[in-house]
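Biologist: I am new to reading protein models, and I would like a close look at one part, the open sheet. Could you walk me through how it is put together, and then point out a few spots elsewhere for comparison?

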Amino acid sequence: MSVRVRFAPSPTGPLHIGGARSALFNWLFARHHGGQFVVRIEDTDLERSSRESEENILNALRWLGMDWDEGIEVGGPNAPYRQTERLEIYRGLARKLLEQGHAYPCYCSEEDLAAEREMLMAKGELPRYLGRCRELCPEDRAKLEAEGRRPVLRFRVPENKIVTVNDRVRGQVEFDCNGIGDFIIMKSDNIPTYNFAVVVDDHHMEITHVVRAEEHLSNTPRQLLIYEALGWKTPEFAHISLILGKDRSKMSKRHGATSIEQYQQLGYLPEALVNFLGLLGWSPGGEEEIFTTQQMIELFSLDKVSKSPAVFDLDKLNWLNGNYIRQCPVDRLAQMAIPYLKEAGYLQGEVGPEKLEWLTQVVAIASKYISYMQEITQHVDIFFKDQVPPVDEEAKQVLTEEHIPLVMNTTIKLVEEAEELTEASVKALLKAVGKQTGLKGKMIFMPVRVALTGRIHGPELHQIIPVFGKERTIARLRASSR
């Protein structure tokens, strides 16, 4: 049997962390087994769904590197892949369930249902529909329709039946039909509900494994009853854990950005985010935490997906992304940095080849200190500002020591005489300063660093002086030797 899995988001907002993790687990499972990954759109929430959200979700999947074999925009033998374009399929099957006695029209008003819910809750029971319209005769139905009531279509849930879900992650889970109640499969506007449409789509698209969030586990017995009523084979189910914040509460904005688009805008690397998402509830074993996407494909297994809630740790994501940044080709980082540097006012207009070459050197230095690319603006001011005064009292104090003029004047002279400023030549130049002044280490490096950067800590001098060039290096050293 060829593995076929799907990701079926509702386009009611951007792709969030939880949805992206579900998509990734499906994608990894399909790629591991050489199967197919289908992407379709569940847009039957007519008020909240939008093409803008749909495009956001698809763009986020593409940015994360999750290609799909069949579905929206790609096409395939099971088109169309938007639910609003498949309404006649659902309506035809709903009529079949009605004719076979598996469904019936329900005319209960919202007020009727609210009163029923309150009554059940007062008795300490789970709210459910008690079947008021289950056995209406044709005459009663006609009378209610004459009053202008538009019915919904409810599925007739068998009484005294246990539905067993054999879940690949959670094991065997049982549900008592008596606690479910007859549920709606078609709304009064003739639009299918989630539980009905998802079964129809999964069957028609030959989905073999349904890998989705734990919150859908309670929907599964309803879906299994629909499969049974229609005489269809059921897929295997795997419900993956919730994602909690670091404080073990439900994940929210206080735990970090919640949408993939936000992480993209902050300058996270997609491969780092995929690595992080993959470890939210899955582990291949061992202590290793950095995996290429290909390694994750090779190692992924539903058997290694945990039942326990996954913890979204922003500090861990930043550590992981920082590692990826350090390994990333600096040319790519330079291109990523340009929008942030422009927004901060460091760059204007087009960045030509010569400027880009210099900028790449700047980014190579600054990228060692950041967790995501937006942070680069906090580490480049020394390269863009003409003068950088000492930023704190400790730095200012360095420039008051007696040997400062000697260090500055000697360094200036050697920089002026240098044929070129490379990392190697600057290292040699600083050694020469020590020989000519009789001073060592910190007594040379610290004042030169403060003079050039305004800070007592930061990049190595042999890295920043070649980027500054002769003119800027000499100007700053002279300003500090006065």
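**A look at the open sheet**

Modeller: Happy to! The open sheet is built from three strands, arranged in the order S4-S5-S8, and their pairing is antiparallel. Keep in mind as you look that this is a predicted model. Strand S4 (103-106) and strand S8 (184-186) are at the edges, and each has a single partner strand, so one side of each is left without a neighbour in the sheet.

Now zoom in on one pair. Strand S5 (residues 152-155) is joined to S8 by two bridges, and the two strands run antiparallel. To find your place there, look for Arg154, which stands opposite Ile184 in S8.

Next, a stop in a helix. Arg31 belongs to helix H1 (residues 17-32). The Arg31 side chain makes a polar contact with the side chain of Asp69, at 3.0 Å.

Gly231 lies between helix H7 (220-230) and strand S10 (236-240). Its relative accessibility is 63%, and exposed means over 50%, so Gly231 counts as exposed. From Gly231 to Glu55 the C-alpha to C-alpha distance is 36 Å, and the two are 176 residues apart in sequence.

How values were computed:
Residues numbered from 1 in each chain as written. Predicted model: local features only at pLDDT ≥ 70, side-chain atom pairs only at ≥ 80, totals over all residues. Heavy atoms only, no water. Pairing = 2+ DSSP bridges. Helix = DSSP H or I, 4+ residues; strand = E, 2+ residues; numbered from the N terminus. Polar contact = N/O pair within 3.5 Å; in protein donor to acceptor, adjacent residues only side chain to side chain. Buried < 20%, exposed > 50% of the residue type's maximum accessible area, 1.4 Å probe, protein only.
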